[in-house]
Structures are given as structure tokens and as C-alpha cells.
Amino acid sequence: MMENKGETFTYTYSAKQQEEIRNIQKKYLPREEDKMEQLRRLDRSATRKGTILSVVMGVAGCLLMGVGMCCSMVWMEQWFIPGIVIGLLGIAGVAAAYPVYVRVTKKEREKIAPQILKLAEELSEPEK
């Protein structure tokens, strides 16, 4: 029987450390977009424009409504009627925000529908 004195083998493995290494490595590798990721990105892009536009309209409408309330309540002598008109315009802006969102989103979806359908078809086909 032969003894190996002084020769030892040590191995340390840390799943957390390996995962951290992979995550750091991903940051520096060129990003390759697969078809599923491309499909998700296209789907998100369909609602982005409508969301931004409707949020801007809603905020502007709220601000107009606030200005109208201020005119009607603080400067009642000369700004009461114009304040009511300004407030009603603000309410109209807030009320129109959701229909604008729906309309813009519908148009964007119609525009990218062929790409989405093509990608979805490619992804749902079984690999040969």
C-alpha cells in the first residue's frame, strides 16, 4: 500500500458564486435577442405610445382643473366664469385620456400585428 504524503486535492464549489460570475459575465457579453424576447418587446411597444400620451393628457387635465378651481374659488370676483370653463376643459382632458389610450394602442397593435403573428407562428412550430 502506497501513501501519498503531502499530496492533497481540494475542490470548492459555490453555486452562489458561480451564479454571480455568470450574471456579471452577461453584462459584458454582446446581447443576443431571441425570438421570444423579441415578441415580448414588440408586445410592450404596442402600449407604450398610448400610455405616455394618456398620462400626459391626464396630468395636463388635472392641472387645468386645478387652475379652474383656483380661479373660481380664490379670485371669484372676476375669474369665476372663466375658472368654470377652464375646469370643465380640464375634466374633459382627464375624461379623454383613456379613450385616447385605447385608440392609439389599437392603431399601434394593427401596425405591428404582422410581425407579432409571424414571430408567434415561428415560436409555436415544433422544432424539426
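Student: How many disulfides does the structure hold? Please go on from there to helix α2 and its cysteines.

Tutor: This is a predicted model, in which local features need pLDDT of at least 70 and side-chain atom pairs count only at pLDDT 80 or more, while totals for chains, interfaces and linings use all residues. Residues are numbered from 1 along each chain as its sequence is written, and side-chain values use heavy atoms, with hydrogens and water left out.

The structure holds zero disulfides, a disulfide being a pair of cysteine sulfur atoms within 2.5 Å. For Cys-62, the closest cysteine sulfur is in Cys-70, 15 Å away, which is too far for a bond. Cys-70 is in no disulfide either, as the nearest cysteine sulfur to it, that of Cys-71, is 5.9 Å away. Cys-62 is partly exposed, with a relative accessible area of 44%, and Cys-70 is also partly exposed, at 29%. Here buried means under 20% relative accessible area, exposed means over 50%, and partly exposed is in between (1.4 Å probe, protein chains only).

Now the helix itself. Helix α2 covers residues 35-73; helices are DSSP runs (H or I, at least four residues) and are numbered from the N terminus, as are strands (E, at least two). The 39 residues of α2 reach 57 Å from the first C-alpha to the last, close to the expected 57 Å, where the expected span is 1.5 Å times one less than the number of residues. A kink of about 25° in α2 is centred on Thr-47; the bend at a residue is the angle between axes fitted to the seven residues ending there and the seven starting there. Thr-47 is buried, and other buried residues of α2 include Leu-39, Gly-50 and Cys-71. Met-73, in contrast, is in α2 but counts as exposed at 59% relative accessibility. Its C-alpha is 9.8 Å from that of Ile-84, eleven residues apart along the chain.

The partner of α2 is helix α3 (residues 76-124), packed at an angle of about 175° with the axes 6 Å apart. Axes are lines fitted to C-alpha atoms, for helices over the stretch in contact, and angles run from 0 to 180 degrees between N-to-C directions. That angle makes α2 roughly antiparallel to α3, since angles over 145 degrees count as roughly antiparallel, under 35 as roughly parallel, 65 to 115 as roughly perpendicular and the rest as oblique. The contact has 29 nonpolar, 16 polar and six charged residues; Ala, Val, Leu, Ile, Met, Phe, Trp, Tyr, Cys and Pro count as nonpolar, Asp, Glu, Lys and Arg as charged, and the others, Gly among them, as polar.
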